[in-house]
Amino acid sequence: MPVYIARKLAFFLLAVFAASVLIFLLIRGAGGNVAAVILGKDATAEAINALSRQYGLDRPLPVQYFDWIGNLFRGDLGRSFRTNEPVTDLVVSRLSISIPLCLSGLVLGLLIAIPAGTYSALNSDKPVGALIALLSQVGIAVPVFWAGILLSLLFGVRLGWLPTGGWTNWDSNFWGAVRSLVLPVISLGLILGASLTRYVRSAVLDVMNQDYVRTARATGMTRMQALLRVGLRNAALPIATVVGLQIAELIGGTVIIETVFSLPGLSRMILANVAAREVIVVQSTVMLIIVFVMLVNLIVDLLYGVLDPRVRLTR
Amino acid sequence: MTIFRTMRHGLSLLVAGSALLAAVPGIALAASPRADEGKMILVARQDPGTLDYTKSNLTALRLWIPANVVEPLVYFNKDGSVSPGVAEAWEISEDRLVYTFTIREAKFSDGAPVTVEDVIYSLNTMKASPVSQNAAAYQAVTSIEKVDDRTVRVTLDRPSQNFWRGMGGTAGLIQPEAAAGGIATNPIGTGPYKLVNYTSNSSFEFTANENYWGEAPAIKDVTVRIVTDGTAGLNALEAGEVDALPVITIDLWEQLMARGLDKSFSMVTYPQIGEPTYAVFNQKLDPELRQALAMTLDRQAYNDAFGASWGAENTCTFALPNQAWYAPENPETCPYPYDIEKAMALVAEKGYASTPLVYASLSDVPDLSLPADIMVPTMQAAGFNMTRNAIDLARYSQLIFQGRPPQFDVTVMSGDADPTQWACAEASAAGWSTYCSAEYTQALADADKALSDEDYLALMEKSADILRKDAVIVPIIAKKGVGLFDPDLKGFVEPRVSVAIELAPLHW
């Protein structure tokens with residue numbers, strides 16, 4: 001196991017380094033002069049030169065790269081051109097919304113998907129199993145914004161139980177912040193739950209048809225006992241993969257939910273900064289997201305090793 | 001059969017669920033809980049990203065900061081009178097070349113006194129502003145100087161209506177020099193409110209400025225929640241979470257009517273926040289081709305589809321109904337009225353079908369993508385070889401607003417009804433936002449130099465005539481601004497400084 005962990009860690013570090021170089025070169029290569037991109041087409045040469053000096057963009061590329069990476073390690077993501085605010089502060093404030101939103105949505109999705117998918121698989125030959133499969137299919141087809149609007153109309157407008165949108169800061173009103181997140185989390189959780197139910201169902205169905213489960217059942221175990229004792233670890237492998245991918249996708253990909261519920265999360269921040277040509281903010285934020293995604297993948301890989309000993313023995 | 005029965009039950013449940021949602025009674029519209037707390041919450045549909053009004057001209061910024069937080073030197077009222085702002089008095093020399101402002105003994109919201117140096121700094125900053133509408137007000141200004149501790153003198157090399165009117169607009173906004181570094185997130189001024197917090201994509205929070213020189217606003221705390229999704233904004237209003245949507249956009253109209261919100265809330269219409277919607281033709285195209293294109297614009301079709309319910313008028317004049325040179329569509333003011341057959345004949349006669357034309361349309365701004373849905377097929381039906389290129393706002397800003405020379409042939413825009421924005425003295429500066437016509441630019445310059453209001457208006461009418469005749473900027477409809485307010489929230493006044501929604505007069 002230590003060798004397996006070391007190998008995965010080394011790969012993670014190498015991938016992060018490659019990604020950082022790629023982002024750095026893509027931003028500079030594809031966009032042209034960064035200062036000119038930030039200032040727009042009307043900018044004078046003097047203004048572009050001044051901004052280049054201000055941001056150190058007139059230095060050799062390797063110097064700029066190591067400066068950027070060094071600052072990243074120190075937690076300094078640069079400053080916004082438009083507002084001069086530290087990007088780190090902006091990202092941290094947005095993560096205080098995006099992380100609870102994504103994690104709570106995912107947990108809710110799993111709370112729906114694991115029992116529903118398992119039950120559906122174990123009862124695939126019964127009407128209720130088919131109904132769960134049907135409902136999950138419907139859930140997958142429902143656009144997340146539509147679910148959000150319906151929930152907002154029902155619980156916000158019609159019943160008045162929860163805010164229809166907007167955000168209350170954690171430090172100003174903790175329960176207000178929780179209330180702000182309830183409907184977005186339910187919208188996200190329902191849609192995620194629907195799609196994860198499909199994966200859980202098919203993973204469980206797959207292991208239930210394996211010889212070792214059949215053998216276990218021949219010893220007198222019920223379907224549930226056989227699943228819990230010998231099938232669960234194997235069924236968990238594809239589910240862990242999908243959950244890992246979902247986490248990675250969620251952290252920067254909840255822009256629709258954030259828009260429908262007017263939450264100032266990370267996704268909307270990135271979108272707004274792309275539109276405003278905030279190159280420095282985009283470069284650093286994208287790098288952070290990539291590191292996060294790779295970290296999640298690393299954890300999933302390590303989890304494979306725990307769940308399936310064959311994986312950690314494979315060279 | 002069992003499966004089908006279960007599925008049928010499932011579908012029945014879904015239908016029942018939907019019906020239940022529709023049948024659940026809405027919460028009755030009660031008095032706003034904020035009325036007794038001296039608070040109100042409004043909705044903004046766009047996030048400005050930056051509050052630096054010296055560098056940004058975004059409506060999303062001009063709606064909230066001018067007049068509320070940062071005041072101009074003077075205010076131009078609806079009836080044409082002028083009220084004091086940061087300047088408590090002013091003198092204009094007879095030849096209109098020297099303006100002497102007496103600065104009010106007041107404090108900025110951060111407690112610092114307003115000084116002549118701050119005023120000079122502010123005016124010089126606006127003079128050098130990259131926002132052309134701000135800088136344009138200062139074209140005739142030769143010096144801005146201190147006379148004494150309370151007096152500033154501005155000298156012009158020619159009379160300029162733009163300067164004087166600019167002092168009541170964003171060009172005349174006064175900020176403290178010492179706080180200029182924080183203007184992008186926390187602009188400081190002498191207005192009735194101060195900005196407590198601005199969180200991008202979330203909200204503005206204002207509170208009454210205890211240093212305000214005038215009467216304290218009736219409502220102490222104001223939150224402007226940024227809700228970019230229109231339906232979410234209407235939901236919040238209907239749920240009683242917010243008290244007003246002062247700016248309703250066209251994409252919400254149908255939904256608003258269907259939900260009966262126009263009846264349960266007070267609706268106000270006002271021209272200032274309205275916008276003319278106009279087609280822009282590449283000024284380098286053959287004039288006759290432009291005229292033929294103009295004949296494909298069926299104003300009534302646009303009005304029926306997008307504008308009628310908003311009190312929009314068909315017009316061929318680049319102006320809004322509150323501007324004196326405005327005229328609704330009529331034979332005298334529409335040199336190229338809608339005439340598809342004449343347009344087709346011209347296309348055939350001149351062989352315009354062989355000229356490939358590109359229509360740049362905004363993909364993510366409904367007000368501007370919807371007109372394109374009508375314009376492009378009509379132009380194609382008339383025989384023009386028109387291709388639609390749908391691009392998002394960020395790309396559009398780069399290509400269209402900043403593109404020199406013009407990079408597309410036709411587009412449609414909505415925006416400020418300020419005819420001076422098109423003025424362009426040098427052909428090399430031709431773009432989609434500048435019309436480089438010597439005649440038009442001269443007419444505007446003459447209007448600017450007018451010594452009396454009457455002369456000014458007459459010359460502005462002449463400028464409008466030139467714009468109509470040349471078929472480069474071709475107005476379609478003049479939309480009014482529309483706002484929805486809680487019926488108990490009174491006191492709305494039409495904007496005086498640009499499009500700013502004045503918060504201070506609002507009261508429960």
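**Reading a sheet in chain B**

In this predicted model, B:E145 has B:R153 of β7(B) as its bridge partner.

Biologist: Which two strands of chain B do the bridges join here, and how many bridges are there?

Modeller: The strands are β6(B) and β7, the latter covering residues 151–156 of chain B; they run antiparallel and are joined by 6 bridges. Helix α3 of chain B, residues 116–127, packs on the sheet, where this helix touches β5 (98–103), β6 and β7 of chain B, and its direction makes about 170° with that of β6(B).

Biologist: In what order do the strands of the open sheet stand?

Modeller: An order lists the strands as they lie side by side, and in chain B the 4 strands of this open sheet follow β4-β5-β7-β6, with antiparallel pairing. β4 (87–92) and β6 (141–148) of chain B each have a single partner strand and stand at the edges, so one side of each lacks a neighbour in the sheet. On average, and with direction ignored, neighbouring strands of this sheet are turned by 20° against each other.

Biologist: How many helices and strands does chain B have, and why does its radius of gyration agree with that of a compact globule?

Modeller: Chain B has 15 helices and 17 strands. A compact globule of 508 residues would have a radius of gyration near 23 Å, and chain B has 25 Å, which is why the two agree. The C-alpha trace of chain B spans about 95 × 70 × 35 Å along its principal axes, while buried residues make up 49% of the 508 residues.

Terms used. Residues numbered from 1 in each chain as written. Chains lettered and ligands numbered in written order. Predicted model: local features only at pLDDT ≥ 70, side-chain atom pairs only at ≥ 80, totals over all residues. Rg over C-alpha atoms; globule rule 2.2 N^0.38 Å. Buried ≥ 20, exposed ≤ 12 C-beta atoms within 10 Å, placed from the backbone. Pairing = 2+ DSSP bridges. Axes fitted to C-alpha atoms, helices over the stretch in contact; angles between N-to-C directions. Contact = placed C-beta atoms within 7 Å.
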